[in-house]
Structure formats: C-alpha cells, structure tokens
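Please read the following walk through the backbone and the charged side chains with the model open beside the text.

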Amino acid sequence: MLTIFVGNLPPETREGELRELFAQHGTVRSLRMVADVFSGACRGIGFIEMEGHEARAAIGALNGKLFNGRALKVEQERPRERRGSG
C-alpha cells in the first residue's frame, strides 16, 4: 500500500471527483482532502492510498495533468521531516 500526495488542487475540488480521477488507475483504498475549517473548501492538498503498482501508475499518469484548470502535483508521500532541536 502506498500513500500518494496530491497538491495544487483547486479550492472547489470535491472528494467524489478526485476519487473518480484516481480510480481510473486502480482501487482507491482511502482518500483524505485537507479542507479549510471554516469554509469547508479544499486547501489544495490531498492524500490517497492505493496498491503499489496502481499508485505508481496513477502517479505517472496524473503528475502535471490539468485538473479543473490547474496542473496537479502527484507524488509518493515522503515522511515528514522532524522540526526543532530536540
């Protein structure tokens, strides 16, 4: 199972349309979009879990693809770097 980072999503993006876009490349196991607390609008990023080979196919096909007027940034999620001194 791989987690895919999706960036540069338009604010009007809905979960269903993002799931449909990635489902063209395999089974979407989970999907989480980061939304603004007050407006509920998409904050521009999301995380999708798919099987490894399906995730790699989706990354290859969708990175840089226009989605509602914006070029998507699609890559395998990297572990967050630790911040602070201690």
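Strands β2 and β3 form a hairpin with 6 residues between them, and Gly40 in the turn has a positive phi of about 80 degrees. Helices and strands are here DSSP runs numbered from the N terminus, a helix being H or I with at least four residues and a strand E with at least two. One of the bridge pairs is Ser30 with Glu49 in β3.

The model is predicted, so local features need pLDDT of at least 70 and side-chain atom pairs count only at pLDDT 80 or more, while totals for chains, interfaces and linings use all residues. Residues are numbered from 1 along each chain as its sequence is written, and side-chain values use heavy atoms, with hydrogens and water left out.

Next come the charged side chains. Side chains of opposite charge can pair when their charged atoms come close. The criterion for a salt bridge is a side-chain nitrogen of Lys or Arg within 4 Å of a carboxyl oxygen of Asp or Glu. A search of the whole structure finds 2 salt bridges.

One of them is between the side chains of Arg29 and Glu51, at 3.4 Å from N to O. Arg29 lies in the loop between α1 (15–23) and β2 (30–35), and Glu51 in the loop between β3 (42–50) and α2 (52–62), so the pair ties together parts that are 22 residues apart in sequence. For accessibility, buried means under 20% relative accessible area, exposed over 50%, and partly exposed in between, with a 1.4 Å probe and protein chains only. Arg29 is partly exposed at 46%, and Glu51 is partly exposed at 27%.

Arg78 and Glu75 also meet in a salt bridge, with 3.3 Å from N to O. Of these residues, Arg78 is exposed, at 59% relative accessibility, whereas Glu75 is partly exposed, at 21%.

Which residues have a positive phi without being a glycine? Asn8 has a phi of about 70 degrees, and Asn68 has one of about 50 degrees. Asn8 is placed in the loop between β1 (2–7) and α1, and its relative accessible area of 37% makes Asn8 partly exposed. Asn68 is in the loop between β4 (66–67) and β5 (70–71). With a relative accessible area of 42%, Asn68 is likewise partly exposed.

Conventions
Pairing = 2+ DSSP bridges.
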